[in-house]
Amino acid sequence: MMPFPPLIDAGDLLARIGDPRLVVLDASWYLPAAGRDARADFRAAHLPGAQFFDIDAASDQDTALPHMAPPAARFEAIAVALGISGDSTVVVYDGSGTNLSAARAWWLFRLFGHERVSVLDGGIGHWRSAGFPLESGGARDRPPGRFVARLHPAHLRSLDAVQAALATASAQVVDARPQGRFRGVDPEPRPGLRGGHMPGAISLPHGELVDASGRLLAPPLLRSRLLDAGVNLELPVVATCGSGTSACAVLLALDAIGAPPGALYDGAWAEWGARADTAVETG
């Protein structure tokens, strides 16, 4: 079976609106400093028939760490409530213009075994600029789906696994946070975290993977950007960021160019930067 494409163009999605097997999800999420309310934005404008996918709710609720992968039963219940079934085609988008959180939703569906999922290239910004229709208000009611979540642990890495990868150079750790946070010159948005990065990590801010319109760079440019950052496309990649959200944009980029799939360290800097026993470099 051919792999499902990681991206869908706005025009292609418009042609599929109304397909009963299509489920469109607004997976917008923002850091508090952004001053944006993703749910309020959804009520103001969203794609026709879209449901709101809550990134925080679709995370493990039994840990103090943000955005840890949820138990399979929790994700399954969320998917069912959104009207998603095993044969559904899921399209996710966000309003960031940089795949800040849409890629996280895409990764979660992959994590739990649903391959029929794509990210709307350029998000709602590109959809809007194309002049395509939008709706306001709450989400339309959908009948419950029939979805079975099965965790695929190869998509995840723990703190111990990341430490081992760095110590043995068995995988590359790619950090998707902004350069200032990676270097330790800008503060972390979450209190109590040291500034800097994991020794040996590669810096590749997730916002550098898209063009000025918010669309993912064309494959040749995307490949060049990864190589210029120091990523060896033949070696395993573990993506990380502040809380395991924007790092998924790196995994989406790898998929888009046909590189070997990467994995996510979802403990991310929220875990690494808070511990006293993890090494940190600055600069």
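**View 1. Asp26 of strand E2 meets its partner in strand E3.** In E3, Phe52 is the bridge partner of Asp26. E2 and E3 are joined by two bridges and run parallel. Two strands are said to pair if DSSP finds at least two bridges between them. Before you look further, please keep in mind that this is a predicted model, in which local features need pLDDT of at least 70 and side-chain atom pairs count only at pLDDT 80 or more, while totals for chains, interfaces and linings use all residues. Residues are numbered from 1 along each chain as its sequence is written, and side-chain values use heavy atoms, with hydrogens and water left out.

**View 2. Strand E2 is mostly covered.** Which way do the residues of E2 point? Leu22, Val24 and Asp26 point one way, Val23 and Leu25 point the other way, and all are buried. Buried means under 20% relative accessible area, exposed means over 50%, and partly exposed lies in between, for a 1.4 Å probe and protein chains only. E2 also pairs with E4 in the parallel sense, over five bridges.

**View 3. Five strands build an open sheet with parallel pairing.** Follow the order E1-E5-E4-E2-E3 from one side to the other. At the edges are strand E1 (7-8) and strand E3 (51-52), each pairing on one side only. Strands of a sheet pair through backbone hydrogen bonds, either parallel or antiparallel. Strand E4 (residues 89-93) runs parallel to strand E5 (residues 117-120), and three bridges join them. Val92 has Val119 of E5 as its bridge partner. Helix H4 (residues 102-111) packs on this sheet, where it touches strand E2 (22-26), E4 and E5, and its direction makes about 175 degrees with that of E5. Touching here is contact, meaning heavy atoms within 4.5 Å. The angle is taken between N-to-C directions on a scale from 0 to 180 degrees, using axes that are lines fitted to C-alpha atoms, for helices over the stretch in contact.

View 4. Just after H4, Gly113 takes a positive phi of about 90 degrees. The largest pocket has a volume of about 280 Å³. Of the 16 residues that line this pocket, Trp106, Arg110, His155, Asp255 and Pro261 are the closest to its centre. On a 1 Å grid over the protein atoms alone, a pocket is an open set of points with protein on both sides within 12 Å along at least five of seven lines, a cavity is a set where a 1.4 Å probe fits but cannot get out, and lining residues have an atom within 4 Å of a point. Grid points are joined across faces, edges and corners, and the volume is the space filled by probe spheres set on the points.

**View 5. Ser85 sits in the loop between helix H3 (72-81) and E4.** Why does Ser85 count as buried? Its relative accessibility is 16%. The side chain of Ser85 reaches the backbone nitrogen of Arg146 at 2.8 Å. Leaving aside neighbours within four places in sequence, Ser85 is in contact with His114, Gly145, Arg146 and Phe147.

**View 6. Ala50 lies in the loop between helix H2 (38-44) and E3.** Ala50 is buried, with a relative accessible area of 0%. Leaving aside neighbours within four places in sequence, Ala50 is in contact with Val24, Phe42, Tyr93 and Ala139.

**View 7. An open sheet of five strands has the order E6-E10-E9-E7-E8, with parallel pairing.** Strand E6 (156-157) and strand E8 (202-203) are its edge strands, each pairing on one side only. Strand E7 (residues 172-175) runs parallel to E9, and four bridges join the two. Gln172 has Val237 of E9 as its bridge partner, and Val173 stands opposite Val238. From strand E9 (residues 237-240), Val237 and Ala239 point one way, Val238 and Thr240 point the other way, and all are buried. E9 also pairs with strand E10 (residues 263-265) in the parallel sense, over two bridges. In E10, Ala263 is the bridge partner of Val238.

Terms used: A polar contact is a pair of N or O atoms within 3.5 Å; within protein, one must be able to donate a hydrogen and the other to accept it, and residues adjacent in sequence count only if both atoms are side-chain atoms.
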